[in-house]
Amino acid sequence: MPTPDVSVVIPVYNTRPYLRACLDSLLRQTIGRDRLEIVAVDDGSTDGSGRLLDRFAARHPGTVKVLHHTNSGGPAAPCNRGLEVATGRYVFFLGSDDHLGPEALERLVAAADRYASDVVLGKVVGVNGRHVFSDVFAAGNAVDVSLFDSALPWSLANTKLFRRDLVDRLGLRFPEDMPVLSDQPFTLAACYHARRISVLADYDYYHAVRRLDARNITYHSRVDQRLVSVERLFDFVAGLIPAGARRDAVLRRHVGLELAHLVGDDFRRLDRAAQERVHAAVRRLVERYVTDGLRDRLDIEARLRLGAVTAGGVDELLAIIDQDAERGVPATVVADGRWHAGYPGAPAAWTDVTEVRADWLARLDTVTVSWTDAHTLAVTTRSPYPRFAAEAGPVRLVAGPVAGTTLLDATDPTSRTVRTDFPVDRLLAGSAASGQRHPVRAEVDGGHGRGSAPVRAPRLAAGCPRLLRQGARLYGVAATVDPRNGQLVLSVVPVTVGQLASRLRRRWRRAALAVTRPAPVPAPAGPAGSPAPLSPTNHAEPTPSQVGQLTVAS
């Protein structure tokens with residue numbers, strides 16, 4: 001039997017609602033089944049995923065191989081088992097709840113052969129509002145991309161095409177002692193040693209699906225696993241790349257993302273013992289790996305929180321997080337011509353924002369988010385800086401690629417409040433048919449230069465999504481808050497008729513159950529002058545819009 005051009009390895013664990021679409025997307029690949037090998041590894045699924053894989057293997061014996069594996073608790077072991085039996089010239093890793101565009105593998109293999117690339121990354125798009133880092137695709141196709149002066153370090157998932165000769169020569173495997181983030185060392189080592197890395201942005205290759213039925217695996221429940229994995233990841237980077245600017249270029253992602261998220265807003269929800277463990281581990285990694293040059297390239301928020309970790313204990317860190325999460329952007333402290341972020345307890349070297357004053361001025365707090373009519377979402381934000389209007393210059397808010405219309409709020413005599421209108425038709429047009437999350441950022445362009453910063457929403461009350469129609473499709477549009485970093489996000493999520501009907505049925509059942517419950521026995525009347533006893537609540541039948549928790553507009 002001829003050697004296939006590409007082996008697709010799929011680690012599978014309890015993804016049955018999405019698995020058929022994943023496998024069908026592979027069997028429809030234009031590369032042809034004679035050039036394709038599918039290796040699916042069932043990691044002890046309990047939802048019937050393993051049986052579904054066996055049926056596909058029985059129908060496609062020359063194409064689909066299935067391995068069954070005792071549950072390992074993560075994707076590393078099944079990925080390694082798949083690599084052991086894969087025979088293709090190239091290997092591609094695919095999440096079992098994700099899927100590929102029909103031409104994906106043919107295009108990827110053709111590019112790898114044409115350019116002699118060891119690693120090829122095809123454009124990734126989010127489905128159901130899943131967030132993906134897309135900066136690496138912004139410049140279009142790129143034949144030769146550097147790991148050290150591009151956005152590639154922000155896209156280190158293993159969902160790429162790898163030349164098998166490279167994998168075998170380096171002996172690459174996924175570290176099974178990392179409960180999470182195990183794809184990062186594999187991908188990083190491959191990219192570091194690759195003769196050429198190519199990026200293809202001309203087609204939607206990989207569709208990364210946000211699972212609407214997934215269990216919520218929270219930061220709180222897996223913090224110790226994450227601590228172990230982050231420490232091992234940093235040690236791996238240090239062992240791979242010598243100290244210096246190139247290591248800093250890669251660690252900027254790991255410090256600004258994985259490390260900073262350990263001291264994100266959710267840190268407050270940990271018990272004290274867990275907070276102490278996180279604080280100690282983060283401090284150790286900052287002191288060991290974060291150089292002054294790397295520190296100065298971090299986003300302001302990450303820099304401030306990591307600075308608080310090195311300067312004090314848990315309480316000093318909590319003071320900064322509470323400021324961001326509860327009270328908003330602090331005052332600016334100007335002393336001896338230097339600007340400092342006015343956080344309590346943070347060291348001056350980390351709070352100095354003089355060289356990034358434009359970014360600091362772009363830090364705005366959300367005041368309100370409201371629908372001004374059926375098709376306009378208005379976001380009102382405010383700066384604490386007294387001379388904001390004079391020094392920030394023109395201000396605009398952008399939600400992902402969508403720029404709103406921003407004006408100073410005439411009702412604020414201090415000129416520190418701006419309102420931005422986002423036409424929903426632009427949000428829908430700027431979203432894939434599969435939905436999109438649009439993080440909101442503020443941009444300024446004044447006397448201190450151009451700057452930008454995420455717009456936080458420290459006190460935003462969750463509102464109901466609005467159901468909007470575009471052509472034959474329905475979408476839920478809502479303002480939400482990213483729980484990891486408190487950033488305001490405008491979400492566009494497709495809504496199917498089945499999902500809407502299911503939600504309506506659940507709401508009606510709850511309403512019917514409430515109506516049929518026996519009314520409580522009234523309490524006996526009290527003595528004269530005492531409050532009257534409470535009456536049983538009247539149960540009105542909910543309207544359809546209340547049942548669905550969605551406001552409908554055409």
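The following questions and answers concern a predicted model and its local features. Residues are numbered from 1 along each chain as its sequence is written, side-chain values use heavy atoms, and hydrogens and water are left out. Because the model is predicted, local features need pLDDT of at least 70 and side-chain atom pairs count only at pLDDT 80 or more, while totals for chains, interfaces and linings use all residues.

User: Is Arg253 buried or exposed?

Analyst: Arg253 is found in helix α8 (residues 245–262); helices are DSSP runs of H or I with at least four residues, strands are runs of E with at least two, and both are numbered from the N terminus. Buried means under 20% relative accessible area, exposed over 50%, and partly exposed in between, with a 1.4 Å probe and protein chains only. Since its relative accessible area is 6%, Arg253 is buried.

User: Which residue places its backbone oxygen 2.8 Å from a polar atom of the Arg253 side chain?

Analyst: Leaving aside neighbours within four places in sequence, the residues in contact with Arg253 (heavy atoms within 4.5 Å) include Trp154, Ser155, Leu156, Gln184 and Glu258. Pro153 is also in contact with Arg253. The backbone oxygen at 2.8 Å from a polar atom of the side chain belongs to Pro153.

User: How far apart are the closest N and O atoms in the salt bridge of Arg305 with Glu301?

Analyst: A salt bridge is a side-chain nitrogen of Lys or Arg within 4 Å of a carboxyl oxygen of Asp or Glu, and the structure holds 40 of them. Arg305 and Glu301 both lie in helix α11 (residues 300–311), four residues apart, about one turn of the helix. Arg305 is buried, at 3% relative accessible area. The closest N and O atoms of this salt bridge are 3.8 Å apart.

User: Which residue forms a salt bridge with Asp421?

Analyst: Asp421 counts as partly exposed because its relative accessibility is 23%. With the closest N and O atoms 2.9 Å apart, the residue that forms the salt bridge with Asp421 is Arg419.

User: How many residues apart are Asp482 and Arg437?

Analyst: The side chains of Asp482 and Arg437 meet in a salt bridge at 3.3 Å, N to O. The pair links distant parts of the chain, with Asp482 in the loop between β22 (473–481) and β23 (488–495), Arg437 in strand β19 (residues 436–446), and a separation of 45 residues.

User: What is the angle between the planes of Phe234 and Tyr289?

Analyst: Rings of Phe, Tyr and Trp (its six-membered ring) pair if their centres lie within 6.5 Å; planes under 30 degrees apart count as stacked, over 60 as edge-to-face and the rest as tilted. The structure holds eleven aromatic pairs, one of them being the edge-to-face pair of Tyr203 and Tyr205, at 5.2 Å centre to centre and 85 degrees between the planes. Phe234 in helix α7 (residues 223–240) and Tyr289 in helix α9 (residues 272–289) are 55 residues apart, and both are buried. Their pair is tilted, with centres 5.8 Å apart and an angle between the planes of 40 degrees.

User: How many of the ten residues of helix α3 are buried?

Analyst: Helix α3 (residues 76–85) is mostly covered, and what covers its buried residues includes β1 (6–12), β2 (36–42), β4 (90–93), α5 (164–170) and α6 (183–193). Among the buried residues are Cys79, Asn80 and Leu83. The number of buried residues in α3 is seven.

Key:
A polar contact is a pair of N or O atoms within 3.5 Å; within protein, one must be able to donate a hydrogen and the other to accept it, and residues adjacent in sequence count only if both atoms are side-chain atoms.
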